[in-house]
2 protein chains.
Amino acid sequence: MGRKRLQPSADGRPTVHTVAARAGVSIASASRVLNGVGGSPETVRRVRAAAAEVGYVPNAIARSLQSQRTGLVALAVADIGNPVYVAMMRAIEAVVAASGRQLLVHATGGDVAGEISLLRRLAHRYVDGMIVSPIRLTDHHLEAMVVSPVPVVVVGQLPDDAPVDNVRTDSRAGVGLAVDHLLATGRQRIGFLNGPLDTVPGAARDAGFRAALANHGITVDENLIEVGDFQYAAGRAAAARLLARAEPDALLCANDLIAVGALHALLSEDRRVPQDVALVGMDDTELAQMAFPQLSSVSLGSADRGRRAAELLLERIAEPDLPPRRAHVAPSLAVRASSLPPGAAPRPAAPSQPAGAEPVTTPMEVI
Amino acid sequence: MGRKRLQPSADGRPTVHTVAARAGVSIASASRVLNGVGGSPETVRRVRAAAAEVGYVPNAIARSLQSQRTGLVALAVADIGNPVYVAMMRAIEAVVAASGRQLLVHATGGDVAGEISLLRRLAHRYVDGMIVSPIRLTDHHLEAMVVSPVPVVVVGQLPDDAPVDNVRTDSRAGVGLAVDHLLATGRQRIGFLNGPLDTVPGAARDAGFRAALANHGITVDENLIEVGDFQYAAGRAAAARLLARAEPDALLCANDLIAVGALHALLSEDRRVPQDVALVGMDDTELAQMAFPQLSSVSLGSADRGRRAAELLLERIAEPDLPPRRAHVAPSLAVRASSLPPGAAPRPAAPSQPAGAEPVTTPMEVI
DNA sequence: AGACTCCCTGGAAACGTTTACAAGTCAGGG
DNA sequence: CCCTGACTTGTAAACGTTTCCAGGGAGTCT
């Protein structure tokens, strides 16, 4: 009779009611103690004891409903297997963690529908904000972002009038840096291994390549251009196709995965890198340093872009009414063994410094 | 006057109240229409219209509080930069997506405190369940898992009496496969590049290496063992150290990242692979196939383990009272160019088949 | 001694959904 | 004409927190 009824949750787990009843205090007092605000020593003791006895674990969902925030931030990328996103993620993680939040990553597989459904579902409040790096961009994306109740920051190109926070780099200019470098070091027939032209980065790189050649008064030889996926296997296959029909003395690749694939194709055919063919990748990921010889690569500042994106997101979370903002990160070129001039090195550099050492870098002015 | 007051949420966003008021129906009716259950044609029309006009987006947190589920599943891994986790993640994602849920990934950075805090925070109900692959395992981990209100599945070794669902592989036996292979192909002085011994995988591999040598009646030469991180740079450094003081004719590496680092070190010192030194990695990730020459690698079935873990998790979510279960995945060895017998290949294989083709595999019986 | 402050407490109202229940409408069959 | 059943609707109670508010006790200053 006398014993007060505890009130566990539906599935039998203790709630704040259970704890309060057991400690003989109100739920308000129990909640305060559990959050460490207020409470007399005696109350604190009793509530703590009760919580421990029943194994109380707060329900974060309920708390979020009340506080209107979850402390979670999401990152959606197309391909978690691409090291460029890993670098970006690490940078974002650092900023997000410093703000006391946690980062969750979702891989969309480049699937447009999945990406949008993610925007729809996550943005429905499970997270306090999200960073998206879509490689294909549809009107549905834009609409989902605009309608989203939580802040969204896009890493990558975006229509100029899109009212969405945005961090971008000039990958066209980045391609230009690589072309300039190859021509300057005596290469004449630059092959180009690109990703799909219907993607945002693929289109930008294509435009950049053509513009850069035009700058130097060179007419584009379509035989020297191959298109595949932004993947290792595709890069290897594309390089094999290109080598079968043309004799490039340099290969410029739309990302490092493609470049490593191309390296494999070249070595398989007994072509020496860089003596016979120079090789340049893009994104300057750890993969570029893992390859042998180490790959020259156009850095698009993925870590910087991630960091800036995270900062923009946190600022917007704090102040939702800011006007849409846009940040730029300048590309630069890291020159390594794979693109040394033909006569420069008798054999691919045998770097004695530990991996990660700073390569030669050609910065580009900020836009 | 007359105009009924709408009831937007605290931050001004429309709620179901707003929609209901605008459509002139009760919130119950509005909710039913929005969920597609019941409602007369006229009501449906009015509610739909109202929702569209005000741009209604349901609040998933509130819905979850009511329904006691979020439709989200989390995966926590130490190092998202390690391709082995990418493979695992892809497999998990497939299973999870098929169940209509979404997968979120969290990288803990191998940080024990962070991992536990994640368990604490996420498992407090933000997700319906989680898969964890801790590389260090403390009592706090175990306690956090046991106390967790949502199901947890562990990928990796676990104390036998831990009441937690678990998918494991026999990495000790996996190391044995590699040692057997190297000895069988005429190698005599096998160097071993391991990860930290205070990690679960590091300890298992160390034990496996010693046991395998003992099996063949070989005494361990500590000069042939190096320990570093499970990373590329550490592998490269460890290989350099080892090569400076010993003359191995084979290197067995605790994962593929270390192996690629070792490959770099070997090639930098003009050692030919596999003629001078055979190289074998572990995890059989895509990295093994990207390297040139392609790396032999012990497959620990990461994709299979991921798939099984996801299945176990979904089963437990459906039926929380199942007894703890344990699944095993057998290791196997993928032999590629990097460990061909010294005389077998004049130069590292130039595979004409596309990457991803099936390598020679030595299956091992299921435990 | 009275007024004032400070701290602690419990009741109750949020947060935005879903849903059990009861009440209402309407058509058709007896 | 009434009863039954199918269908729709609205009221209200959950879900588990946090927090506003008012009340009360103890102490301090005048």
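**Entry 1: the cores**

Which residues have the most contacts inside the largest nonpolar core? I started my notebook with this one, working on a predicted model. The largest nonpolar core has 98 residues, and A:Ala262 and B:Ala262 have the most contacts inside it. I then looked up what B:Ala262 touches, leaving out residues up to four places away in sequence. Its partners are B:Leu193, B:Gly235, B:Arg236, B:Ala239, B:Leu251, B:Cys253 and B:Leu279. There is also a second, separate core of 96 residues. Among its members I noted A:Val73, A:Ile80, B:Val105 and B:Leu314.

**Entry 2: where the chains meet**

Next I turned to the contact between the chains. I found 49 residues of chain A in contact with 49 residues of chain B. Which elements of chain A give two or more residues to this side? I listed the helices H4 (60–67), H5 (83–98), H6 (112–122), H10 (232–245), H11 (256–268) and H12 (286–290), together with strand E2 (102–107). I also sorted that side of chain A by class: it has 30 nonpolar, twelve polar and seven charged residues.

**Entry 3: how the copies are related**

**Entry 4: a well-covered helix**

Today I picked helix H1 of chain B, which spans residues 16–23. Is it mostly covered or mostly uncovered? It is mostly covered, with seven of its eight residues buried. I wrote them down: B:Val16, B:Thr18, B:Val19, B:Ala20, B:Ala21, B:Arg22 and B:Ala23. The cover over these buried residues includes helix H2 (27–34) and helix H3 (41–54) of chain B.

**Entry 5: cis peptide bonds**

I went looking for cis peptide bonds. In chain A, one joins A:Phe292 and A:Pro293, with omega about 0°. In chain B, a cis bond joins B:Phe292 and B:Pro293, again with omega about 0°. Where does A:Pro293 lie? I traced A:Pro293 to the loop between H12 and strand E10 (296–299) of chain A. B:Pro293 is in the loop between helix H12 (286–290) and strand E10 (296–299) of chain B.

**Entry 6: positive phi without glycine**

A:Gln68 has one, at about 65°. I found A:Gln68 in the loop between H4 and strand E1 (72–77) of chain A. A:Gln68 has 13 C-beta neighbours inside 10 Å, so I put it down as partly exposed. B:Asp270 also has a positive phi, near 65°. This residue lies in the loop between helix H11 (256–268) and strand E9 (278–282) of chain B. Why is B:Asp270 exposed? I counted 9 other C-beta atoms within 10 Å of B:Asp270, and a residue is exposed if that count is 12 or fewer.

Notes:
Residues are numbered from 1 along each chain as its sequence is written. Chains are lettered from A and ligands numbered from 1 in the order in which they are written. This is a predicted model: local features need pLDDT of at least 70, side-chain atom pairs count only at pLDDT 80 or more; totals for chains, interfaces and linings use all residues. Two residues are in contact if their C-beta atoms, placed from the backbone, lie within 7 Å. Helices (H or I, at least four residues) and strands (E, at least two) are DSSP runs, numbered from the N terminus. Ala, Val, Leu, Ile, Met, Phe, Trp, Tyr, Cys and Pro count as nonpolar, Asp, Glu, Lys and Arg as charged, and the others, Gly among them, as polar. A residue is buried if 20 or more other C-beta atoms lie within 10 Å of its own, exposed if 12 or fewer, and partly exposed in between; C-beta atoms are placed from the backbone. A nonpolar core is a set of buried Ala, Val, Leu, Ile, Met, Phe, Trp, Tyr and Cys residues joined through C-beta atoms within 7 Å.
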